[in-house]
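This report goes through selected features of one protein model. Keep the sequence and the 3D view open while reading.

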Amino acid sequence: MVLELYLDLFSQPCRSVYIFAKKNNIPFEFKKVALAEGQQYEEDFGKINPLRKVPVMKDDAFILAESIAILSYLAQKFNMPDHWYPCDLQKRARVNEYLSWQHIAIRMQGSKYFWFKLMVPIITGEEVPKEKMDSLLEDLNMSLKLFEEKFLQDRPFIIGEQISLADLVAIVEMMQPVGAGLDIFAERPKLSVWRDRVKQAIGKELFDEAHKTIMNAKDLPKIFEQNGMLEFLKPRIQKMFT
């Protein structure tokens, strides 16, 4: 039975799984879960993943959630080239170090920026207070600085000469604020060169395909409104500022 991946490319973790599977010719069936339409809350999806999150992988009867777990599983099951998730203990530890750190750094801050800058004003009709935006940008800039100085240093990629799962997860997260109009690469030449290397390693066509939805994120509020999600989201968003 073919592998099933439940995805929405609006989601950065979904993009990492999608890119990895496509780049490495892993056969899979794309199962679209439209987050903007609230499909993650439907009964059928809840039976697959009670966490109500994507991505989800279904390999026969085995169901696995969480993108990092899925990427690791795919890399090992399909015997992917070693540079993705190295067998060398210390290199793999470096990949795991970044994947463990990024959750409460670039992922959290980039996601918040996207919502605060683009989505919240449309859903609530109010701008996020300037002090909150300034504080968030300060945290994001610090995390990007740490990425360059601690994780990347002077290497082409995070663990050396070739791309790894760490680079893949890093780039999809960094593209999230870009989708909201914040060019985090503009005044960071080292980061820009790294981004170009990652894009080349993935393949420009695949990279652009995977990021098409987020780069057209301005259309998402219309979709939310058409599907009644604005009213669903409004009270939840307002709780963030009370």
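## A charge over a ring

The charged end of R195 lies over the ring of F185, at 4.6 Å from the ring's centre. The model is a predicted one. A second case involves K150, which is placed over the face of F151, 5.2 Å from the ring centre.

## Helices α4 and α6

Two packed helices are described by the angle between their axes and the distance between the axes. Helix α4 covers residues 89-101 and helix α6 covers residues 130-152; their axes come within 13 Å and cross at roughly 170°. Angles over 145 degrees count as roughly antiparallel, and so α4 is roughly antiparallel to α6.

On the α4 side, the contact is made by R94, E97, Y98 and W101. On the α6 side, S143, L146, F147, K150 and F151 take part. Sorted by type, the residues of this contact are five nonpolar, one polar and three charged.

## Aromatic rings

A search of the whole structure gives 11 aromatic pairs. One of them is formed by Y98 and W101, and this pair is tilted, with 5.7 Å from centre to centre and 50° between the planes. Both residues belong to helix α4, where they are three residues apart, about one turn of the helix. An α-helix has 3.6 residues a turn, so residues three or four places apart point the same way.

Are Y98 and W101 buried or partly exposed? Y98 has a relative accessible area of 0%, so it counts as buried. W101 has a relative accessible area of 22% and is therefore partly exposed. The limit that matters here is 20%, since buried means a value under it. Ring pairs also link Y98 and W101 with F147, F151 and W194 in a cluster.

## Helix α3 and what follows

Which residues of helix α3 are buried? In this helix, residues 67-77, they are S67, I70, L71, S72, L74 and A75. These buried residues pack against the strands β1 (3-7), β3 and β4, and against the helices α1 (12-23) and α7. After α3 comes N79, which has a positive phi, near 50°.

## F28 in strand β2

F28 is found in strand β2, residues 28-32. Apart from neighbours within four places in sequence, F28 is in contact with V2, L3, L5, Y18, A21 and K22. F28 and K58 are 30 residues apart along the chain, and their C-alpha atoms are separated by 9.7 Å.

## Backbone details in loops

The peptide bond from V54 to P55 is cis, and its omega is near 5°. P55 is located in the loop between α2 (43-48) and β3 (56-59).

D60 is not a glycine, yet its phi is positive, about 55°. This residue is in the loop between β3 and β4 (62-65). Its relative accessibility is 41%, so D60 counts as partly exposed. Q153 is not a glycine either, and has a positive phi of about 55°. Its place is the loop between α6 and α7 (165-179). With a relative accessibility of 36%, Q153 is partly exposed.

Terms used: Residues numbered from 1 in each chain as written. Predicted model: local features only at pLDDT ≥ 70, side-chain atom pairs only at ≥ 80, totals over all residues. Heavy atoms only, no water. Axes fitted to C-alpha atoms, helices over the stretch in contact; angles between N-to-C directions. Helix = DSSP H or I, 4+ residues; strand = E, 2+ residues; numbered from the N terminus. Parallel < 35°, antiparallel > 145°, perpendicular 65-115°, else oblique. Contact = heavy atoms within 4.5 Å. Nonpolar A, V, L, I, M, F, W, Y, C, P; charged D, E, K, R; others polar. Phe/Tyr/Trp six-rings, centres within 6.5 Å; stacked < 30°, edge-to-face > 60°. Buried < 20%, exposed > 50% of the residue type's maximum accessible area, 1.4 Å probe, protein only. Lys NZ or Arg CZ within 6 Å of the ring centre and 35° of its normal.
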